[in-house]
Amino acid sequence: MTRAARPTALHEGVATLAEAAADFAAARHSPPWLQKLRRSGIAAFERLGFPSTYDEEWRFTNLAPLARSPFSLLPDDVTLAERTAAFELEARLGTIGFSASEPRLSFVNGRLLRRSPGDLTAGVLFECMKDVLATSPERVERALVARAAERDHSEHFFGSLGDAFLDEGVVLHVPANTSVTEPLFILHVSTPAGRAGAPSMVHTRNLFTFEENSSATVIEAYFGAGAPSFTNARTEVDLGRNARLHHIKLQLEGPEAFHVGHLSVAHAVGATSASHVFSFGGRLVRNEIAMDLAGEGAGTELYGLFCANSGQHVDCHTLIDHVSPRANSVELYKGVLDGTGRGVFDGKIVVRPGAVRTDARQTNRNLILSDSALVDSKPQLEIHNNDVRCSHGSTTGRLDADAVFYLRSRGLSPEAARALLTYAFGSELIEKVGSADVRAFLEGHLRAWLPANLAAPENR
Amino acid sequence: MSDAVLDTLTRQEYPHGFVTDIDTDVIPAGLSEDVVRLISNKKGEPEWLLDWRLKAYRHWLTMVEPKWARVTYPPIDYQKIVYYAAPRSSKEGAPKSLADVEPELLAMYEKLGVPLKEREILAGVAVDAVIDSVSVATTFKEKLASVGIIFCSFSEAVREHPDLVKKYLGSVVPSSDNFFAALNSAVFSDGSFCFIPKGVRCPMELSTYFRINQADTGQFERTLIVAEQGAVVSYLEGCTAPKRDTNQLHAAVVELVALDDAQIKYSTVQNWYPGDREGKGGIYNFVTKRGKCAGRNSRISWTQVETGSAITWKYPSCILLGDGSVGAFYSVALTNNYQQADTGTKMIHIGKNTRSTIVSKGISAGHGQNTYRGAVTIMKNAEGARNYSQCDSLLIGDQCGAHTFPYIEVKNSSATLEHEASTSKIGEDQLFYCRQRGLSAEDAVSLIVNGFAKRVLKELPMEFAVEAQKLLGVSLEGSVG
């Protein structure tokens, strides 16, 4: 349908955000480059506005509820109520994160709650952004400014918003030839603030640099209680030659949370990355991943499991940019939609003219469990080169009636049969995770999420 | 493979690029309400149709040209296009028989290989030929009329069967549907109309041949096919245009309506002038094609072989409204030199137990850019819907591009959808195998390309399958390395 130009942006609520950002920037003593970065961030997001559904990249995700909700930044000090609630939520982590040896940074509503250094490998810097900005801002200046400059071309609303509120997050530096054995844990907890006023918003920025031949596993977890909240989380990674990143993101925000997450990784020659996304919580969730395979022979694996039940909308957006020759990518995303849940998968693979010998495979599978669940899938290939092997596949359907019948003939109740099959569908992605602790946690969580009684599989 | 082979093959000339010198009735370039009135007046149309055109024109004025497709072209100046050009002979009314048709015209169709003459009865094809804007001759009319089939030019249908036209015109593609459909609705000059009454199986293939002859003209034809309960029809469409250095616009609308148990098979071999090796000239083929499976168990199938046009931008679609209706889309799109194609389909499942199949084969060579863009939408009440999509791309040379943008929207959990796509070049080992069996390099590539497209080509009616294979050969054969 073509009509006279339709608005590709929503400007509702943007002015309030700009005001909050200006107040925030004025309250911080920052070096000039950082002030400039925040100012241009404000100018950019004010100009862009929230993308509307007429913006092709946001076609299936309506941000109007987010634009309409008022959110405010919380003061720097953490209240007792927040602290208590955060500890309760943290306890839900079970086995992961609680072993004393794991280095961990915990944040509550965007402010640092606790720092557990664990057994951090020598030379590895795992610090919070606020400290770095206060003590040695020059260390992050180049990376932050360069990324912001890139964004000027791509017109990214949430990226600019992140620049405007740039303050807290994690700075990770892994020196050359270092392999970090223990996973590095970044935990974000959103809790009711225990204060009057608008619900909290959090803009967090993680910056990881991996030098040559280094490797590390990073777990980012987002937990939330029931209160409304808005999290804008960005992680930007630079991988040096032959460096390797394992990135696991657990999204378990509360049922009224808005969550926009973005992970972008720049790969040097031979660098490889693996990203695992598990998205269970939130009201309106967007998980974005941008993999830039700039170095020859780089590789990336993208795995994602997104589950949405009534009242939830989960949008997974991935971009794999094959710039150089002989790079490989594998992508598998699965969606499980129940109740009135809505899922979106939009994955794009771009193969540039010079990227010969590219091997890219993309798969999206969606399982619909209820009559009212919705899914939109848009797997895309953009290929500018003939020496490639690329494929994508997408399937959407409900549980196989024959498989359900088979399990029932073995004595399972219809609910148990359905739950078991759903579990089997989702567990493929859990199995791809390296850490046994994370796997155990996810298995438990997936079982708890399932519609019916699969909570105790050993009792089946 | 040797560049020499690639070179000779991609240098193949456009064989249909002749201009026939025919005295033509042309109106001045430009578009305004007066031009719309003039066209309507020239065709002696009734008041309601003029109103319909004017409504479309006024709506078109409020619209902006869509920009979302992956094609690039300089802005079109809609005031420089001639919206009506008719061979002079048609001024004295439509020809009664072939004897009334000008010999140059017939010679031209002879060159094109259109089986227009009665003696070509063996071909068994009834042809409605549209040159520039006006339908020049329709063969086999009497024979078709004897079983109750109406197959005539659009203008004639407006005169002879106004009720049918009024009932179905714009029922599938409304005049406000999109920018080019609105433009077409305002200025369409002729086209084909086909009506298959209840229970009739059309005894022969129906066919339309389009040709743009006049310079600077746009061709805006409209095809409307209605198949009543249980009717069956197979329809072919072919197109060519002379070689010119300027781009010409072709914005057609095709509407298909299938009632209960009816079947419509629509095949296209699109070979408009694609422009020269430097990408100069060629037709902009911006077409809206849509079929409505209105009745239970109705079937609509689109088959297209797209080898021509500088830019192809079309999405033959099916609205699967009736329970148990079936839609199909088979496409081979080939882009060579600087051709661009953004084509695909939309399958909108509304009725229960509706099924659709999409098989799209894209071949890119030279600097060609080939995009598959398709949507499969399963609406809320489309219980038990089923879709299978397959989109394969073959890349020939390192300057071309192949892109796949499928949209899959599911609003009903009982649906089963599969989408697969792959992109690759011709395997060295496949070539080696053929060469080793004694085939020349070009024969080997021709064999492989034809094999790649076979699943679509076999959907074409016989007469067209031969032409389509030849076309693929002319444009591509052997140019793979």
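Two residues are in contact if their C-beta atoms, placed from the backbone, lie within 7 Å. Keep that rule at hand for the tour.

**Before you start.** This is a predicted model, in which local features need pLDDT of at least 70, side-chain atom pairs count only at pLDDT 80 or more, and totals for chains, interfaces and linings use all residues. Residues are numbered from 1 along each chain as its sequence is written, while chains are lettered from A and ligands numbered from 1 in the order in which they are written.

**Stop 1: Ile264(B).** Select Ile264(B). Which residues does Ile264(B) touch, not counting those up to four places away in sequence? They are Ile225(B), Ala227(B), Val233(B), Tyr235(B), Leu256(B), Ala258(B), Gly291(B) and Ile300(B).

**Stop 2: the core around it.** A nonpolar core is a set of buried Ala, Val, Leu, Ile, Met, Phe, Trp, Tyr and Cys residues joined through C-beta atoms within 7 Å. Buried means that 20 or more other C-beta atoms, placed from the backbone, lie within 10 Å of the residue's own. The largest such core has 248 residues. Ile264(B) is among those with the most contacts inside it, along with Ala227(B), Val233(B) and Ala258(B). Now select helix α10 (residues 441-457) of chain B, which gives the most to this core: nine residues. In soluble globular proteins, nonpolar side chains tend to be buried together.

**Stop 3: chain A as a whole.** Buried residues make up 52% of the 460 residues in chain A.

**Stop 4: two domains.** Colour residues 9-295 of chain A as domain 1 and 400-460 as domain 2. These bounds come from an automatic or database domain assignment. The C-alpha centres of the two domains lie 32 Å apart. Their contact takes twelve residues from domain 1 of chain A and eleven from domain 2 of chain A.

**Stop 5: where the chains meet.** Show both chains. Here 36 residues of chain B are in contact with 37 residues of chain A. On the chain B side, β22 (386-396), β23 (401-410) and β24 (416-425) each supply at least two residues. Finish on Thr396(A): its bridge partner in β24(B) is Leu417(B).

Key
A residue is buried if 20 or more other C-beta atoms lie within 10 Å of its own, exposed if 12 or fewer, and partly exposed in between; C-beta atoms are placed from the backbone. Helices (H or I, at least four residues) and strands (E, at least two) are DSSP runs, numbered from the N terminus. Two strands pair if DSSP finds at least two bridges between them.
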